Amino acid sequence: MDPAEAKRSVARAALELLPEHGVVGLGTGSTATLFIDGVAELVRAGRKLVGVPTSDASRKQAERLGIPLLGDEGPWPIDVCVDGADEVSERLDLIKGGGGAHTREKIVNRAAKTNVIVVDESKLSRRLGERWKVPVEVLAFGRLATAERLGELGPVTLRLKDGAPWRTDSGNYIYDLAAGVLDDPGALETRLGLLPGVVESGLFVRRANVVLVAGAGGLRTLRAP
């Protein structure tokens, strides 16, 4: 299964987990884009689904396709949130944030009754950190001081886009932290959350209920204990 077909496969599988009517968290990224396309088809067919986007890009796509949306303020009664991930461990812990939307994604993830993660098998690892650095969103104010504190946990790199610092939808910066292979990602998530200036990290520990994985052998469904 080529990467494009893998993304289409898991996006279709995620659509089958949606309620007949209710509120759906709309993730961010290439696979989530395909999922949002599918939600729009269901809405046009008469399904009473309302979305909560996790980024400006997802919001614009949903608006263009005619998906009804709730406001950004919350709280939201989200039945299912469907999103991608950059790395998934054997324990179904996640690293997210390759698209720079992990703060909003984590807020929507926390509000959802069920979180479905859609990936291809290249995103699987035994432990987090084997394949991906930890994205950390930081405030603009004092960001170099914050980066210095992050550097105590491992090498950090300011993320760039088109040669300029990447700014999130909220106007913040992203530093990618090379913390190595993580034996206890929950401890690092907690530690990062306590650093002044850190808005949120891309560590999603115990936040996935179902992981849909597309690969050469077809589609697999992994469920958290």
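Reader: In which sense do strand 5 and strand 13 pair, parallel or antiparallel?
Author: Strands are DSSP runs of E with at least two residues, helices are runs of H or I with at least four, and both are numbered from the N terminus. Two strands pair if DSSP finds at least two bridges between them. Strand 5 and strand 13 have two bridges, and the sense of that pairing is antiparallel.

Reader: Before we go on, what pLDDT do local features need?
Author: Residues are numbered from 1 along each chain as its sequence is written, and side-chain values use heavy atoms, leaving out hydrogens and water. This is a predicted model, where totals for chains, interfaces and linings use all residues, side-chain atom pairs count only at pLDDT 80 or more, and local features need pLDDT of at least 70.

Reader: Back to that sheet: which strands are its edge strands?
Author: The sheet is open, with three strands in the order 4-5-13 and antiparallel pairing. An edge strand here pairs on one side only. That makes the edge strands strand 4 (87-88) and strand 13.

Reader: Which residue of strand 13 stands opposite L94, and which residue lies over its face?
Author: Opposite L94 is F204 of strand 13. A charge sits over a ring if NZ of Lys or CZ of Arg is within 6 Å of the ring centre and within 35 degrees of the ring normal. At 5.5 Å from the ring centre, the residue over the face of F204 is K96.

Reader: Where else does a lysine lie over a ring, and at what distance from the ring centre?
Author: Take a look at W166. K161 lies over the face of that ring, with a distance from the ring centre of 5.0 Å.

Reader: And how many aromatic pairs does the structure hold?
Author: Rings of Phe, Tyr and Trp (its six-membered ring) pair if their centres lie within 6.5 Å; planes under 30 degrees apart count as stacked, over 60 as edge-to-face and the rest as tilted. By that rule, the number of aromatic pairs in the structure is zero.

Reader: Which residues does G99 contact, leaving aside neighbours within four places in sequence?
Author: G99 is placed in the loop between strand 5 (94-95) and helix 4 (102-111). Its contacts, with those neighbours set aside, are R159 and W166.

Reader: Why do the buried residues of helix 5 line one face, and which residues are exposed on the other side?
Author: In helix 5 (residues 143-150), the buried residues are T146, A147 and L150. Seen down the axis, they fall within an arc of 100° (taken from the directions from the helix axis to the C-beta atoms), so they line one face of the helix. They pack against several elements, including strand 7 (134-138) and helix 6 (185-193). On the other side, the exposed residues are L144 and E148.

Reader: What is the relative accessible area of D72?
Author: D72 sits in the loop between helix 3 (56-65) and strand 3 (78-83), and its side chain makes a polar contact of 2.7 Å with that of R59. D72 counts as partly exposed because its relative accessible area is 48%.

Reader: Which peptide bond is cis, with omega near -5°?
Author: Most residues other than glycine have a negative phi, and most peptide bonds are trans. P75 lies in the loop between helix 3 and strand 3. The cis bond is the one from G74 to P75.

Reader: And what is the phi of D162?
Author: D162 is in the loop between strand 9 (160-161) and strand 10 (164-165). D162 is exposed, at 78% relative accessible area. Its phi is positive in a residue other than glycine, near 55°.

Note on methods. Buried means under 20% relative accessible area, exposed over 50%, partly exposed in between (1.4 Å probe, protein chains only). Contact means heavy atoms within 4.5 Å. A polar contact is a pair of N or O atoms within 3.5 Å; within protein, one must be able to donate a hydrogen and the other to accept it, and residues adjacent in sequence count only if both atoms are side-chain atoms.
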